[in-house]
Amino acid sequence: MSHETEAGEGSASTDVSSAQRAQGGARGVDVVLLKMPNHNMDYPHLAVPTLTAALRRNFLKVKQQDVNVLLRDFLLTEEMLKDLAYRFLPGLAKAHIGSPAEFDRIRNALVYLHYLDEHIGFARVEQTKKKLQARAYEQVFCSTEESGIATLIFVLTGMLHIVIDLALTYAEAGGELDNPVTNFLHRKVLEVAELKPRVVGFSVIQIQRKATLWFARNLKPLLGDGKIVIGGPDASTFKEEYLEGHDYIDFAFLKEAETTFLEFLRGKPLEQIDGLVYRDAQGNIQVNEPKYDIRLSTFRPDFDDYDLDKFLLPTLPLSTSRGCAFAKCTFCNHYKTYSGYYSNDAVKTVDNIEFLVKRYNTRFFHFVDDMLEVQEGTAIAEELIKRNLDVNILTYARFEPQFTEERILELWHKAGIRVVEWGLESASQEVLKKMIKGVSIRKVQEILDLSTKKGIVNKLMLFHNYPGETVEQLKMTVDFLRKNVLEKKVRPFFTVRGKLELRLFTPLEMTSRDYSKSPFRKRYERSSSFDSLLGYADEDDYPKKVEYIAEFINEMAGYLQKNNIFSTNDENMSLDLLILDLKNRGFQTAVNVQ
């Protein structure tokens, strides 16, 4: 293994003052970093372990914890499932009898829980969950009965998003039911307070906002002079709005925070820290725009002291680059999370993979880059092959023309890149042109043909209802997906059910602000400053689109059942890697990828 590291990786700064060290020692820890619900529990998120790595290499004492996975592990027990099914959710349903939308969500959760209890039993559900956590995958996925239960568990983890969200909303409204979700979180609040940290930090994406704010509000009175900070995509989007509405949030960090957070902890004057939102001496909120030195980026996460045994799959996330090399799609703003596009050196990336394999005893990785660019991915593949590393990788990619070169996808597969989720969005060339996707459907099909030939499993990221999309253009997308699924060139993966989300600060959203140029018949303004999704009026033909998609999904449900293919979505994104690996090692699995 090469011991070369990217800037700062594996090295340590020595300018942490003795006073800071003494304070950290007295307190027990300098920083507590938390990831809150709601999120999946298949494998860990990358943000907190990345920041932890940056701080620990500079001698700071850090405690990191994924509260989301611990809460879900707690709820996925026989005792708590019974409590949800027969006490808490029925009580919640009574409290929401006058709110049809919430009542229906609760009722659907109850129906599913009662089905599980009647046909499987909650004790059996907990047993299978523990087998997944114990990595007994041969035992689970080579058994028809056990694999069936495992599949239902992933459905259940998706349902828990709703349960946790409703429980937090109910608590915020002053609900009097004994609440298992907030009870658990209250215990975590006390645990964090007992550590007496200088700073507690939260990495926040939109779906984590509600739990993060609840936790921070309850924690702040117990921290003494300790500070609460937030970072991540949600903070970068809303900036001062977090501090304006929440006096218990002390600071927000924008975009990459590996260096700026360290400067903050070392006592650098606030006005000199780039990418920081803070209150000045007069209480006025100030926003320092981010300026980031990409050479100081941390690409090797630190999962030490993370509860990895609570996750259901053995996969670890890893970034090989940040931002998007294309960054032109009109509906997207995800690439704005970073200071631009930049990639890690291929040798250093494989150094990181090799380190993680040995440190955490896994062979499964998800490259969470916005896209794995062709040249970068091929250089990584060549280095993996050179070192003869036995790994299984899932990655996102874009249909770049270079993928029609036969050697590239052959190298990718040989290196262990087994599953590629391709960003296509639509199979209508006219719609793709409006999106500024810069891809040709003819080339897309050529790449899918070649990728299948080389042994890679293809998944297509699609959605419907881009402005101006006709029913016929939607049918082109659905029919393209159907054709490639039936020809076994694409893994059944039905994101086409997703409707266009009009996201704040995307090129499409910015254009729609001008009524004379807006592609929408009508757009609705945000109901609050924290809304990042905007509503819009559908065209009159939208019901026909919904009907066609529903017919297709029903057809595909039969296809999945007939071919014993498990349903895949965000709850079990990397399970494909695991099943493929079992098959490659000679096991007869009870479920298939395609």
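Analyst: Searching the whole of this predicted model turns up 18 aromatic pairs. In general, two things describe a pair of aromatic rings, namely how far apart the centres are and what angle the planes make.

Take Phe399 and Trp422, whose ring centres are 4.5 Å apart and whose planes meet at 10°; because planes under 30 degrees apart count as stacked, this pair is stacked. Phe399 belongs to the loop between β12 (392–398) and α16 (406–415), while Trp422 belongs to strand β13 (residues 417–425), so the pair ties together parts that are 23 residues apart in sequence. Phe399 has a relative accessible area of 3% and is therefore buried, and Trp422, with a relative accessibility of 0%, counts as buried as well.

The pair of Phe494 and Phe552 has another geometry, since here the centres are 5.6 Å apart and the planes stand at 90°, which makes the pair edge-to-face. This pair links distant parts of the chain, 58 residues apart, with Phe494 in the loop between α19 (471–486) and β15 (502–503) and Phe552 in helix α21 (residues 542–563). Both Phe494 and Phe552 are buried.

Rings can also be joined into a group, and this is what is found for Phe251, Phe253, Phe261 and Phe264, which ring pairs link into a cluster.

The charged end of Arg300 is placed over the ring of Phe355, at 4.4 Å from the ring centre, and Arg491 lies over the face of Phe566, where the distance to the ring centre is 4.6 Å.

Strand β3 (residues 199–203) and strand β4 (residues 227–231) run parallel and are joined by five bridges. Both strands are part of an open sheet of seven strands, with mixed pairing, in the order β2-β1-β3-β4-β5-β6-β7. At the edges of this sheet stand β2 (62–66) and β7 (285–287), and because each has a single partner strand, one side of each is left without a neighbour in the sheet. From one strand to the next, the twist averages 20°. Helix α3 (residues 67–75) lies across β1 (31–35) and β2, and its direction makes an angle of about 45° with β2.

Conventions. Residues are numbered from 1 along each chain as its sequence is written. This is a predicted model: local features need pLDDT of at least 70, side-chain atom pairs count only at pLDDT 80 or more; totals for chains, interfaces and linings use all residues. Side-chain values use heavy atoms; hydrogens and water are left out. Rings of Phe, Tyr and Trp (its six-membered ring) pair if their centres lie within 6.5 Å; planes under 30 degrees apart count as stacked, over 60 as edge-to-face and the rest as tilted. Helices (H or I, at least four residues) and strands (E, at least two) are DSSP runs, numbered from the N terminus. Buried means under 20% relative accessible area, exposed over 50%, partly exposed in between (1.4 Å probe, protein chains only). A charge sits over a ring if NZ of Lys or CZ of Arg is within 6 Å of the ring centre and within 35 degrees of the ring normal. Two strands pair if DSSP finds at least two bridges between them. Axes are lines fitted to C-alpha atoms, for helices over the stretch in contact, and angles run from 0 to 180 degrees between N-to-C directions. Contact means heavy atoms within 4.5 Å.
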